[in-house]
Every structure is written in structure tokens, then in C-alpha cells.
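Here is a short tour of how side chains pack in this protein. Keep the viewer open and follow along, starting with the aromatic rings.

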Amino acid sequence: MIRSEFEQRPLDAAVADAGSATLEFDRARAWLRAALVGAVEPLGAEVWVLDAALEQIVLVRHPWRGLVPPGGKVEPGECPREGAARELAEETGLRPRLLKRPAAVAVRSFGPGVPETLSLSYAAIGDPEQPLVAEEGQHAAWMRLDLGWESCFPDDVLRVRAYVELLRSGSVAW
């Protein structure tokens, strides 16, 4: 499929980030290879903002998805990392530096009847003392990782915990 430079730049960035993601879920890399023959959109991106002690995460209460990490749709012409940082700022007011290597890549549908797409998760270390400025209708808060949370993506808590364990072990660079 021939894509314009405007369409190709974000896709190239998604492919590179998916390839270097620390964790892979849902056979996301194989899904992406197969999907590249057609349109891959919208891309999804989120940020796992953790405290320095790796005990808490920032979550937002989505109207029907429940508690989820801040994130959303990558806009046309925007790379997934840029989209993740923008969504984080819009939904929480936070602007921490994202860790260099993406935390995870997965395939998921973001709603009933919505086709599956690539979702990239980035990580950042934030300060729980910094005030959260939530988007209207989507409360944001720090949540303890050991307590878990209600979400339409029930595996998210296990996925974030697996990533945190890699950070704690030193096998993933901060």
C-alpha cells in the first residue's frame, strides 16, 4: 500500500517502537506485520506513569472503560510517542519525560464494534506530590499497584506489574 509521508512517518515510528518494546502482548508484532498491507489506524498510545518507588500508577476513570492509564488515539501525522505524551498532558496535566524504550506493545479494540489496532504503552516516572489536572469527566488519581483496579482491560494490572518487576530487577533501564 502506498502511503503519503504524512501517513508513513507515524507508522514507521510505531513499527520501530513495537519492535523495541520491552513486553509484547497479544502477538502484537505478528499482528502488525500482517496489518501493514492495509490501513493501520487509529493507533493507540498510553503512558504508565509510575512513582519512583514503583508502587503507584496514575489512572484516569474513563466513562465506560473504567480505570485506565492515560492515553488515547494517535492523531494523523503524530508519532505514537508524541500522541502518548499529548494524551497524558491533556488527561492529567503531567509532562514527565517518557522512558526511552516503550514499555509494551499490544493489540486491542477500544470499544464495541471498533476494530483491533496496535496499542503502544510508554512509561514515565512521576511525582505523586505533583497535582493532577484531570480532563473534564475523567477523574485522574494515583493508585497502588498492589490493589489492582476495575477496567475493561482486566489484564492491564498484570501487564503493568510484569513491567514493574523488570524495572525492579534492573533488566530494563529507567
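## A buried aromatic pair

Tyrosine 163 has a relative accessibility of 0%, so this residue counts as buried. Please keep in mind that the model is predicted. Tryptophan 48 is buried too, at 3% relative accessibility.

In this model, the count of aromatic pairs comes to 2. One of them joins tryptophan 48 and tyrosine 163: the ring centres are 5.6 Å apart and the planes stand at 70 degrees, so the pair is edge-to-face. Tryptophan 48 belongs to strand S2 (residues 44-51) and tyrosine 163 to helix H4 (residues 156-169), so the pair links distant parts of the chain, 115 residues apart.

Phenylalanine 110 is partly exposed at 21% relative accessibility, just past the 20% limit for buried. Phenylalanine 153, with a relative accessible area of 11%, is buried.

In soluble globular proteins, nonpolar side chains tend to be buried together. Here the largest nonpolar core has 22 residues, and Val47, Val49, Val105, Leu118 and Leu120 have the most contacts inside it. At least two residues of this core come from each of helix H1 (5-20), helix H2 (28-35), S2, helix H3 (80-92), S6 and S7. S7 supplies the largest share, with 4 residues.

A second, separate core holds 21 residues, among them Leu99, Ala103, Trp149 and Val172.

Which residues of H2 are buried? They include Ala28, Leu32 and Ala35. Viewed down the axis of H2, the buried residues fall within an arc of 65 degrees, so they line one face of the helix. An α-helix has 3.6 residues a turn, so residues three or four places apart point the same way. On the face of H2 turned away from the buried side, you will find the exposed residues Arg33 and Ala34.

Notes: Residues numbered from 1 in each chain as written. Predicted model: local features only at pLDDT ≥ 70, side-chain atom pairs only at ≥ 80, totals over all residues. Heavy atoms only, no water. Phe/Tyr/Trp six-rings, centres within 6.5 Å; stacked < 30°, edge-to-face > 60°. Buried < 20%, exposed > 50% of the residue type's maximum accessible area, 1.4 Å probe, protein only. Core = buried A, V, L, I, M, F, W, Y, C linked by side-chain atoms within 4.5 Å. Arc of directions from axis to C-beta.
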